[in-house]
Every structure is written in C-alpha cells, then in structure tokens.
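Here is a short briefing for a reader meeting this structure for the first time. Please look over the sequence and the 3D view, then read on.

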Amino acid sequence: LDPGWTGRDCSIDIDECQTIQPCKAAKSCINLPGSYKCDCFDSFGGQNCEMVGNWIRLGRDLIHSFIR
C-alpha cells in the first residue's frame, strides 16, 4: 500500500496538495506522482516547510540551520 496512490489497483495518483494540504509556510505545493513537494518561503524548510531557519556564523562561513 502506497499512501500517494489510490484506486482498485493503486494506479490513480492522490493530489496531496488538494486533499491534505501538507505545506505549512510555502509559496506553493507541487503534486508529484505518488507524492508532493513544498516550495518553501525563505527562512522555512523541511518536507512541509514546518521548520524555521536561522542564519549562523561558523568561522568564516554563514550557514542556514533549521529549528522545529
């Protein structure tokens, strides 16, 4: 059983963007075959854009980390 598919033989794609609306802080939700992808706003990350990002200086590097 694959959660991204439905129908008698699991051949019909479920549009998660419409049915479960998984993306929290996102510009858009892109339905993919058997899955979805969230296009997160800047400073958000994670599969569902549920994590807030922080910029941290590590030596000379500036890295983006995410906090749940």
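## Briefing

C10 counts as partly exposed, because its relative accessibility is 36%. The model is a predicted one. The chain has 68 residues, and 24% of them count as buried. The structure holds three disulfides.

**Overall layout**

- The chain contains one helix and seven strands.
- Read from the N terminus, the order of elements is β-β-α-β-β-β-β-β.
- The accessible surface of the chain is about 5200 Å². Carbon and sulfur atoms account for 54% of that surface.
- Consider contacts in the chain between residues at least 6 apart in sequence: 10% of these join residues at least 24 apart.

**The disulfide pattern**

- With bonded cysteines counted along the chain, the disulfides follow the pattern 1-3, 2-4, 5-6.

**Disulfide C17 to C29**

- C17 and C29 are joined by a disulfide, with an S to S distance of 1.9 Å.
- This pair links distant parts of the chain, twelve residues apart. C17 sits in helix α1 (residues 16-19), and C29 sits in strand β3.
- The torsion about the S-S bond of C17 and C29 is about -75°, so this disulfide is left-handed.
- Is C17 buried or exposed? C17 is buried, because its relative accessible area is 11%, under the 20% cut-off.
- C29 is partly exposed, because its relative accessible area is 27%, which falls between the 20% and 50% limits.

**Disulfide C23 to C38**

- C23 and C38 form a disulfide, and their sulfur atoms are 2.0 Å apart.
- This pair, too, links distant parts of the chain: C23 is in the loop between α1 and β3, while C38 is in strand β4, 15 residues apart.
- The link of C23 and C38 is left-handed, with -85° about the S-S bond.
- Both C23 and C38 are buried.

**Disulfide C40 to C49**

- C40 and C49 form a disulfide, with sulfur atoms 2.1 Å apart.
- Why is the disulfide of C40 and C49 left-handed? The torsion about its S-S bond is about -90°, so the disulfide counts as left-handed.
- C40 is buried, and C49 is buried as well.

**Strands β3 and β4**

- Strand β3 covers residues 26-32, and strand β4 covers residues 35-40.
- How many bridges join β3 to β4? There are six, and the two strands run antiparallel.
- I30 stands opposite K37 in β4. A26 has C40 as its bridge partner in β4.
- β3 and β4 form a hairpin with two residues between the strands. In this hairpin, G34 takes a positive phi near 80°.

**A closer look at C40**

- C40 counts as buried, because its relative accessibility is 17%, under the 20% cut-off.
- Which residues does C40 contact, leaving aside its neighbours within four places in sequence? They are A25, A26, K27, G45, G46 and C49.
- C40 and C29 are eleven residues apart along the chain, and their C-alpha atoms are separated by 8.7 Å. C29 itself is bonded to C17.

**The nonpolar surface patch**

- Which residues make the nonpolar surface patch? F41, F44 and V52 do, and the patch is about 240 Å².
- F44 lies in strand β5, which spans residues 44-45.
- F44 counts as partly exposed, because its relative accessibility is 30%.

Technical notes
Residues are numbered from 1 along each chain as its sequence is written. This is a predicted model: local features need pLDDT of at least 70, side-chain atom pairs count only at pLDDT 80 or more; totals for chains, interfaces and linings use all residues. Side-chain values use heavy atoms; hydrogens and water are left out. Patches are made of residues with over 30% relative accessible area and no salt bridge: like charges are joined within 9 Å, nonpolar side chains (Val, Leu, Ile, Met, Phe, Trp, Tyr) within 5 Å. Accessible areas come from the Shrake-Rupley method with a 1.4 Å probe; for residues, only the protein chains shown count as cover. A salt bridge is a side-chain nitrogen of Lys or Arg within 4 Å of a carboxyl oxygen of Asp or Glu. Helices (H or I, at least four residues) and strands (E, at least two) are DSSP runs, numbered from the N terminus. Buried means under 20% relative accessible area, exposed over 50%, partly exposed in between (1.4 Å probe, protein chains only). Contact means heavy atoms within 4.5 Å. Two strands pair if DSSP finds at least two bridges between them. A disulfide is a pair of cysteine sulfur atoms within 2.5 Å.
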